[in-house]
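User: Hi! I am new to this structure and would like to learn how to read it. Could you walk me through it?

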Amino acid sequence: MRILLVEDDLQLAAQVGDALEEAGHVVEKADNGQDALYLGTEETFEAVVLDLGLPVLDGLTVLNQWRAAGRDMPVLILTARDNWHEKVAGIDAGADDYLTKPFHMEELLARLRALIRRAHGHASAEIRCGPLVLDTRARRISLEGRSLSLTSHEYRLLAYLMHHPDEVLSRQELTEHLYAQDFERDSNTIEVFVARLRKKLPADMIETVRGLGYCLRSPGAAAP
Ligand code: CA
């Protein structure tokens with residue numbers, strides 16, 4: 001999942017960024033409100049971790065402007081200790097959850113998992129799509145009860161498809177969610193990963209939609 005991390009404390013940003021990457025996320029960072037506003041408005045993220053005390057433009061203003069522009073990705077705000085009115089203001093501005101500094105990295109990861117699941121209408125840690133089950137805690141995908149052996153890129157791609165079943169996803173969108181850096185992005189690699197995944201999945205589960213992208217069919221759902 002592609003996460004936007006907005007934090008001007010660079011040491012903390014590095015720690016959180018590493019933890020998110022270890023958890024299998026692709027992380028884009030911003031260290032001021034202006035860059036955050038731009039990224040969150042122009043690009044798509046599965047979730048945002050937003051510090052409120054930021055240079056140039058404060059986090060609350062950024063969040064307000066995202067919501068005013070119709071950007072509805074889940075946002076977890078980071079607030080200073082004992083600053084309860086900041087939490088209230090953050091939730092009023094459209095934050096989905098908050099964490100008070102200092103926090104345990106495990107708690108941040110757990111809250112993000114929950115936010116991403118809820119954003120997709122899943123109440124539990126497991127996401128099902130036909131014979132496939134994604135365990136978001138263990139970062140494991142099984143097919144008819146047997147754990148699939150996947151590389152980290154294959155896992156990210158299939159997990160993203162499972163979060164968006166029966167939706168046509170463009171190569172560009174998939175590439176953005178697989179790689180953090182522009183220079184790593186080459187939409188041809190998506191075709192390679194899709195081909196590898198197809199060998200591990202039931203036939204026709206990943207459909208190529210000509211000129212548009214790919215679609216993971218959840219059996220039982222009607223083709224659009
Ligand atoms: Ca700060």
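This is a predicted model: local features need pLDDT of at least 70, side-chain atom pairs count only at pLDDT 80 or more; totals for chains, interfaces and linings use all residues.

User: How are two packed helices described, and at what angle do H1 and H5 pack?

Analyst: In general, the angle between the axes and the distance between the axes describe two packed helices. Here, helix H1 (residues 10-22) packs on helix H5 (residues 105-119) at an angle of about 55°, and their axes are 11 Å apart. H1 and H5 are therefore oblique to each other. The crossing in which H1 passes H5 is right-handed.

User: Which residues of H1 and H5 meet?

Analyst: From H1 come Gln-15, Val-16, Ala-19 and Leu-20, and they meet Met-105, Leu-108, Leu-109 and Leu-112 in H5.

User: What should I know about nonpolar side chains, and how many residues does the largest nonpolar core have?

Analyst: In soluble globular proteins, nonpolar side chains tend to be buried together. In this model the largest nonpolar core has 45 residues, and Leu-108 and Leu-132 have the most contacts inside it. Helix H6 (residues 152-163) gives the largest share of this core, seven residues. Because domain 1 (2-119) and domain 2 (126-216) both give residues to this core, it lies between them. Another core, of 19 residues, lies apart from it, with Leu-39, Leu-52, Ile-77 and Ala-95 among its members.

User: Which residues does Leu-132 touch, leaving out those up to four places away in sequence?

Analyst: With those neighbours not counted, Leu-132 touches several residues, including Ile-127, Ile-141, Leu-143, Leu-158, Met-162 and Met-205.

User: How is the protein divided into domains?

Analyst: The division is into domain 1 (2-119) and domain 2 (126-216). Taken over C-alpha atoms, the centres of domain 1 and domain 2 are separated by 25 Å. Their contact takes 14 residues from domain 1 and 13 residues from domain 2.

User: Let's end with a single residue. Where is the place of Pro-202?

Analyst: Pro-202 sits in the loop between helix H8 (187-200) and strand E10 (206-209). To read its exposure, note that partly exposed covers the range between under 20% (buried) and over 50% (exposed) relative accessible area. Pro-202 has a relative accessible area of 31%, so Pro-202 is partly exposed. Pro-202 touches Pro-131 and Leu-143, not counting residues up to four places away in sequence. Pro-202 and Leu-143 lie 59 residues apart in sequence, and 9.0 Å apart in space, C-alpha to C-alpha.

How values were computed:
Residues are numbered from 1 along each chain as its sequence is written. Side-chain values use heavy atoms; hydrogens and water are left out. A nonpolar core is a set of buried Ala, Val, Leu, Ile, Met, Phe, Trp, Tyr and Cys residues joined through side-chain atoms within 4.5 Å. Buried means under 20% relative accessible area, exposed over 50%, partly exposed in between (1.4 Å probe, protein chains only). Helices (H or I, at least four residues) and strands (E, at least two) are DSSP runs, numbered from the N terminus. Domain bounds come from an automatic or database domain assignment. Contact means heavy atoms within 4.5 Å. Axes are lines fitted to C-alpha atoms, for helices over the stretch in contact, and angles run from 0 to 180 degrees between N-to-C directions. Angles under 35 degrees count as roughly parallel, over 145 as roughly antiparallel, 65 to 115 as roughly perpendicular and the rest as oblique. A crossing is left-handed if the near helix is turned anticlockwise from the far one by less than a right angle, and right-handed if clockwise.
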